[in-house]
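Please keep the sequence and the model in view while reading.

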Amino acid sequence: MSLLTNLNGVIDTTATVSVLDRGFLYGDSIYEVVRTFQSRHFGLQEHLDRLRQSAAYLYMDVPWSDQHIQAEVERTLQQAPWQESYIRIVVSRGTETKISLQPSPALQPNLLIVISEISPEPKLSETGIHLIISGRRRNDRQALSPAAKTGNYLNNLLALLEAQQQGAQDALMLNAQGEVTEATTSNLWIVREGVVQTPPADVGLLKGITRHFLWRILQTHHIPCEEVILKPEDLWSAEEAFLSSSVRLMMPVNQINEYQLPQYPGKITQFLWAELLVLMAKASHSFEPNIASLSI
Ligand SMILES: Cc1ncc(COP(=O)(O)O)c(C=O)c1O
């Protein structure tokens with residue numbers, strides 16, 4: 001596998017972290033996944049903003065400036081002989097000198113950047129994927145908030161494995177009130193009677209950066225859209241459904257439980273896909289730093 005690592009500034013092919021790293025011991029870390037498009041990182045500023053929000057949830061210090069992290073990402077990308085990259089930016093609270101849940105006061109956070117090769121041509125899947133509604137609930141907002149992107153993804157991983165045991169490819173998770181939140185590593189969108197719908201952040205989900213850009217496209221093109229609380233039964237009248245995330249961008253859904261989506265990828269899904277690529281191409285040709293604040 002084509003992979004490069006940058007651990008605290010040292011670029012290599014296989015960084016190793018200590019067994020006393022708190023990310024390893026407790027999942028005491030935060031991370032972001034970014035992709036390149038036309039060889040340039042896309043939405044990095046938005047991802048760094050969310051990284052800092054995740055840090056705040058964990059009372060964690062991120063001592064580097066955005067400019068420093070961006071420069072390290074770019075320096076690592078420059079070493080890659082391939083065209084398009086998956087970029088993972090991980091900050092762990094640091095490496096302990098002894099095992100203790102209590103963070104030691106002298107801890108220095110670790111900054112790890114991992115990049116790996118991805119397909120040079122993003123393509124919208126023509127087959128789509130099959131989702132189940134998991135019996136496993138999304139983390140409660142009053143526990144480890146789903147709005148924080150942390151190194152502790154076990155709950156989502158278990159939902160994913162359980163979906164696969166049932167012959168599906170991914171799982172939708174409900175909150176404690178039985179409302180639909182999101183899939184294990186992506187946000188959910190459906191189209192009903194021509195209206196694009198996605199669950200609001202306060203049901204307890206990760207506010208996806210791709211979700212933010214898709215929302216902007218919907219607004220620009222005056223496509224009817226709303227953030228709305230969805231119950232499982234609302235999904236049974238969807239004309240289209242898709243997931244959004246930074247690397248896959250958009251993934252059409254062909255089935256949720258027993259319900260077969262009539263269109264995949266549907267017309268609105270295809271339109272949004274095309275516009276998302278236009279938006280990404282524009283961003284990759286612009287040298288202005290992207291400082292749009294997250295409206296959704
Ligand atoms: C739980 C969860 N929801 C949504 C997303 C999509 O977020 P983004 O579009 O920023 O990649 C992710 C991405 O990894 C995720 O892990």
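In α5, the residues Ile209, Thr210, Arg211, Phe213, Leu214, Trp215 and Leu218 are buried. A residue is termed buried if 20 or more other C-beta atoms lie within 10 Å of its own, exposed if 12 or fewer do, and partly exposed in between, with C-beta atoms placed from the backbone. Helices (H or I, at least four residues) and strands (E, at least two) are DSSP runs, numbered from the N terminus. Helix α5 (residues 209-220) has 12 residues and reaches 17 Å from its first C-alpha to its last, close to the 16 Å expected at 1.5 Å a residue. The expected span of a helix is 1.5 Å times one less than its number of residues. Histidine 222 follows α5 and has a positive phi, near 50°.

This is a predicted model, in which local features need pLDDT of at least 70 and side-chain atom pairs count only at pLDDT 80 or more, whereas totals for chains, interfaces and linings use all residues. Residues are numbered from 1 along each chain as its sequence is written.

The chain as a whole comes next. Its secondary structure amounts to 7 helices and 15 strands. The radius of gyration of the chain is 19 Å, close to the 19 Å that the globule rule gives for 296 residues, so the chain is as compact as a globular protein of that length. Here the radius of gyration is taken over C-alpha atoms, and the globule rule is 2.2 Å times the number of residues to the power 0.38. Along its principal axes the C-alpha trace spans about 55 × 40 × 35 Å. Of the 296 residues in the chain, 39% are buried. Among contacts between residues at least 6 apart in sequence, 71% join residues at least 24 apart; two residues are in contact if their C-beta atoms, placed from the backbone, lie within 7 Å.

How is the chain divided into domains? Domain 1 covers 3-118 and domain 2 covers 129-284, with bounds that come from an automatic or database domain assignment. The C-alpha centres of domain 1 and domain 2 lie 26 Å apart. Their contact takes 23 residues from domain 1 and 16 residues from domain 2. On the side of domain 1 that touches domain 2, β3 (29-37), β4 (40-42) and α2 (44-57) each supply at least two residues. The largest share of that side, 8 residues, comes from β3. By class, the side of domain 1 that touches domain 2 has 10 nonpolar, 7 polar and 6 charged residues. In this grouping Ala, Val, Leu, Ile, Met, Phe, Trp, Tyr, Cys and Pro count as nonpolar, Asp, Glu, Lys and Arg as charged, and the others, Gly among them, as polar.

Isoleucine 132 lies in strand β7 (residues 129-133) and is buried, with 21 other C-beta atoms within 10 Å. Leaving aside neighbours within four places in sequence, isoleucine 132 is in contact with Ala163, Gln166, Ala168, Ala171 and Asn257. The C-alpha atoms of isoleucine 132 and valine 253 are separated by 11 Å, although these residues are 121 residues apart along the chain. Asparagine 155, by contrast, is placed in helix α4 (residues 154-165) and is partly exposed, with 18 other C-beta atoms within 10 Å. Asparagine 155 touches Arg136 and Asn139, not counting residues up to four places away in sequence.

Most residues other than glycine have a negative phi, and most peptide bonds are trans. Glutamate 193, however, has a positive phi, near 50°; this residue is found in the loop between β10 (187-192) and β11 (195-198) and counts as exposed, with 9 C-beta neighbours inside 10 Å. Leucine 249 has a phi near 70°, also a positive value, but lies in strand β14 (residues 249-256) and is buried, with 24 other C-beta atoms within 10 Å. The peptide bond from tyrosine 264 to proline 265 is cis, with omega near -15°, and proline 265 lies in the loop between β15 (259-260) and α7.

Which residues of α7 are buried? They are Ile268, Thr269, Leu272, Trp273, Leu276 and Met280. These residues cover an arc of only 135° around the axis, which puts them on the same side of α7; the arc is that of the directions from the helix axis to the C-beta atoms. An α-helix has 3.6 residues a turn, so residues three or four places apart point the same way. On the other side of α7, Lys267, Ala274, Val278, Lys282 and His285 are exposed.
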